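Welcome! Please take a moment with the sequence and the 3D view, and then read on for a short tour.

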Amino acid sequence: MSAGKTDISEIVVNTAAIAKMFNLTEMRVRQLVEEGVISRAGYGRFDLIDTVSKYVTFLKLSSEGIDENDVVESLDYEKWLHEKAKREKAEIELAHIKKEMQRSEEVEKVVNHMVMAFRSKAFRYQQKLN
């Protein structure tokens with residue numbers, strides 16, 4: 001680092017500094033912590049970068065009219081979809097292991113073999129007729 005520049009990536013500040021930075025009261029900062037908008041690094045201590053990032057995200061969501069609960073619900077829904085897909089995949093793999101289901105490549109190979117055998121017999125039958 002050159003002289004005069006400070007690395008802010010590890011700066012920890014107190015509640016009063018956060019309140020002053022965001023133009024809020026200390027009570028409102030504590031409410032934001034209780035609401036889960038920002039989080040403490042320790043009692044009355046906040047990681048500067050993390051806190052600013054979370055508060056900016058909160059403000060963006062608020063200005064776009066997106067309710068925090070909607071975001072949480074959509075994340076829960078996405079997690080549910082992911083778990084559902086994993087379950088379906090596991091069920092398919094289990095059916096394959098139990099020989100209740102065959103892979104499409106194997107079925108395609110058997111069907112192609114049957115079609116070729118049928119065509120061959122049909123061709124030989126047609127040759128006999130001529």
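**Helices and salt bridges**

Lys86 has a relative accessible area of 43%, so it is partly exposed (buried is under 20%, exposed over 50%, partly exposed in between, with a 1.4 Å probe and protein chains only). This is a predicted model, where local features need pLDDT of at least 70, side-chain atom pairs count only at pLDDT 80 or more, and totals for chains, interfaces and linings use all residues. Residues are numbered from 1 along each chain as its sequence is written, and side-chain values use heavy atoms, leaving out hydrogens and water.

Salt bridges
- The count comes to 4 salt bridges, each a side-chain nitrogen of Lys or Arg within 4 Å of a carboxyl oxygen of Asp or Glu.
- Lys86 pairs with Glu83 in one of them, at 3.3 Å from N to O.
- Glu83 is partly exposed, at 44% relative accessibility.
- Arg87 forms a salt bridge with Glu91, with the closest N and O atoms 3.0 Å apart.
- Arg87 counts as exposed at 58%, while Glu91 is partly exposed at 43%.
- Lys54 and Asp50 also meet in a salt bridge, at 3.4 Å from N to O.

Helix packing
- Helix 1 (residues 15–22) and helix 2 (residues 26–35) pack at about 100°, their axes 8 Å apart.
- That angle makes the two helices roughly perpendicular (65 to 115 degrees; under 35 is roughly parallel, over 145 roughly antiparallel, and the rest oblique).
- Thr15, Ala16, Ile18 and Ala19 of helix 1 meet Glu26, Val29 and Arg30 of helix 2, where contact means heavy atoms within 4.5 Å.

Technical notes
Axes are lines fitted to C-alpha atoms, for helices over the stretch in contact, and angles run from 0 to 180 degrees between N-to-C directions. Helices (H or I, at least four residues) and strands (E, at least two) are DSSP runs, numbered from the N terminus.
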